[in-house]
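Trainee: Hi! Could you walk me through this one?
Mentor: Happy to, let's bring it up.

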Amino acid sequence: LGTLWPVDDRKLPELMADFHRSLLHGDSAAEALRKAQRAYLKKNPGACCDWASLELIGDLPAEPSTVH
């Protein structure tokens with residue numbers, strides 16, 4: 001997960017907590033980011049430049065791999 005432009009770290013802690021919480025509940029990284037961005041947008045309707053900067057590169061499986 002990265003940003004397309006500089007974002008003040010103090011603006012996104014709740015979004016990042018939601019993202020990681022979704023990962024821990026088994027969502028893929030893409031789904032976790034989508035949920036976190038939607039929740040952030042709902043709480044902060046005018047803050048598009050914050051959540052919109054996040055870009056997922058690759059994805060994690062919803063279940064950790066057991067193959068070594």
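**A chat about the model**

Mentor: Let's start with Gln37, which is buried at a relative accessible area of 14% (buried means under 20% relative accessible area, exposed over 50%, partly exposed in between, with a 1.4 Å probe and protein chains only). Before we go on, this is a predicted model, where local features need pLDDT of at least 70 and side-chain atom pairs count only at pLDDT 80 or more, while totals for chains, interfaces and linings use all residues. Residues are numbered from 1 along each chain as its sequence is written, and side-chain values use heavy atoms, with hydrogens and water left out.

Trainee: Thanks! Where is the place of Gln37?
Mentor: Gln37 sits in helix α2 (helices are DSSP runs of H or I with at least four residues, strands are E runs of at least two, numbered from the N terminus).

Trainee: And which residues does Gln37 touch, not counting residues up to four places away in sequence?
Mentor: Leu15, Trp51 and Leu54. Contact here means heavy atoms within 4.5 Å.

Trainee: Switching topic, how many salt bridges does the structure hold?
Mentor: Five. A salt bridge is a side-chain nitrogen of Lys or Arg within 4 Å of a carboxyl oxygen of Asp or Glu.

Trainee: Why can side chains pair up like that?
Mentor: Side chains of opposite charge can pair when their charged atoms come close.

Trainee: Which residue forms a salt bridge with Arg34?
Mentor: Glu31, at 2.8 Å from N to O. Both residues lie in helix α2, which spans residues 29-43, and they are three residues apart, about one turn of the helix. Arg34 is partly exposed at 37%, and Glu31 is partly exposed at 26%.

Trainee: What about Lys35, which residue is its salt bridge partner?
Mentor: Asp27, with the closest N and O atoms 2.8 Å apart. Lys35 is partly exposed at 37%.

Trainee: Is Asp27 buried or exposed?
Mentor: Asp27 counts as buried, with 18% relative accessibility.

Trainee: Zooming out, what pattern does the protein chain follow along the sequence?
Mentor: The pattern is β-α-α-α-β, with three helices and two strands in the protein chain.

Trainee: And what share of the 68 residues counts as buried?
Mentor: That share is 26%. Among contacts between residues at least 6 apart in sequence, 62% join residues at least 24 apart.
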